Amino acid sequence: MASAEHIARRLQRLEWTTRYRPVHINTLFLGAFSPQNEKDFLYAPGGEFQGEAALLLEAVGISTTGKAAEAVHTEFQRAGFFLAHVLECPLEDVNGLPSEAQRALKTRLPAMATRIRRSLKPKRVMAVTEALAPAVEDIVRLDLGCPVLLDRGKPFRLVNSAGENVPERFREALAGTSKD
């Protein structure tokens, strides 16, 4: 059972997200877990984009400098982008066990696939968080009704790692010019 606070927070995030859902979704960015911090949540109205939100906006080439949150959200929406998470509530207490988080993620995948197929209907899905890595094979096997874009068989990371230009590969895949 979820607490009243948890449900209220979930409903608030749902309201924020729904406000900026494009009618026609070109690219659905699929994350694993909704972020804990409101400033990391892309659709929060505060305008202080941090964490996942800031990284995704930078990766798609949307600047937040000098713009109101609503203007940023509208630009993201008009580009046909939508961010969703397999687990829409932030991952709270899984007793510090990654296996519990993975189990929760894999358990929720069929329902998410149904939502993608029946409601969201994107032209493509782009896996964008490393936390999806344990479920990538399961995601690819699901009938989503559209292609799933991956970075060399893994979810796209939104930050560089040693010697790799991850954002460049991300933008190539987004533009449809990926060499993979």
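**Close-up views of a predicted model**

**View 1. Buried residues of helix α6.** V166, P167, R169, F170, E172, A173 and L174 are the buried residues of α6. The model shown here and in the other views is predicted. Because seven of the 10 residues of α6 are buried, the helix is largely enclosed by the rest of the structure. Its buried residues pack against the strands β1 (27-34), β2 (81-90), β3 (124-127) and β4 (148-149), and against helix α2. α6 lies across β1, β2, β3 and β4 and runs at about 170 degrees to β3. G176 follows α6 and has a positive phi, near 80 degrees.

**View 2. Packing of α2 on α6.** Helix α2 (residues 51-60) packs with helix α6 (residues 166-175) at an angle of about 60 degrees, and the two axes are 9 Å apart. An angle of this value makes α2 oblique to α6. On the α2 side the contact is made by L56, E58, A59 and V60, and on the α6 side by F170, R171 and L174. By class, the contact has five nonpolar and two charged residues, and no polar ones.

**View 3. The open sheet.** Four strands form an open sheet in the order β2-β1-β3-β4, with parallel pairing. β2 and β4 are the edge strands, each pairing on one side only. β1 and β2 run parallel and are joined by seven bridges. The bridge partner of L28 in β2 is F82, and F29 stands opposite L83 in β2. Nine of the 10 residues of β2 are buried, so this strand is largely enclosed by the rest of the structure. Helix α1 (residues 4-19) lies across β1 and β2 and runs at about 175 degrees to β2.

View 4. M126 lies in strand β3. With a relative accessibility of 0%, M126 counts as buried, because the cut-off for buried is under 20%. Leaving aside neighbours within four places in sequence, M126 is in contact with T27, L28, F29 and L30, with L149 and F156, and with F170, A173 and L174. T27 and M126 are 99 residues apart in sequence, yet their C-alpha atoms are 6.8 Å apart in space.

**View 5. The largest nonpolar core.** The largest nonpolar core has 49 residues, and those with the most contacts inside it are F29, L42, Y43, L56, V60, F76 and F170. At least two residues of this core come from each of β1, α2, α3 (69-78), β2, α4 (98-120), β3 and α6. α4 supplies the largest share, seven residues. Not counting residues up to four places away in sequence, L56 touches F29, L42, F76, L83, L158 and F170. In soluble globular proteins, nonpolar side chains tend to be buried together.

View 6. A69, V72, H73, T74 and F76 are the buried residues of α3. These residues pack against β1, α2 and β2. F76 is also one of the residues with the most contacts inside the largest nonpolar core. Just after α3, G80 takes a positive phi of about 80 degrees.

Terms used: Residues numbered from 1 in each chain as written. Predicted model: local features only at pLDDT ≥ 70, side-chain atom pairs only at ≥ 80, totals over all residues. Heavy atoms only, no water. Axes fitted to C-alpha atoms, helices over the stretch in contact; angles between N-to-C directions. Parallel < 35°, antiparallel > 145°, perpendicular 65-115°, else oblique. Contact = heavy atoms within 4.5 Å. Nonpolar A, V, L, I, M, F, W, Y, C, P; charged D, E, K, R; others polar. Buried < 20%, exposed > 50% of the residue type's maximum accessible area, 1.4 Å probe, protein only. Pairing = 2+ DSSP bridges. Core = buried A, V, L, I, M, F, W, Y, C linked by side-chain atoms within 4.5 Å.
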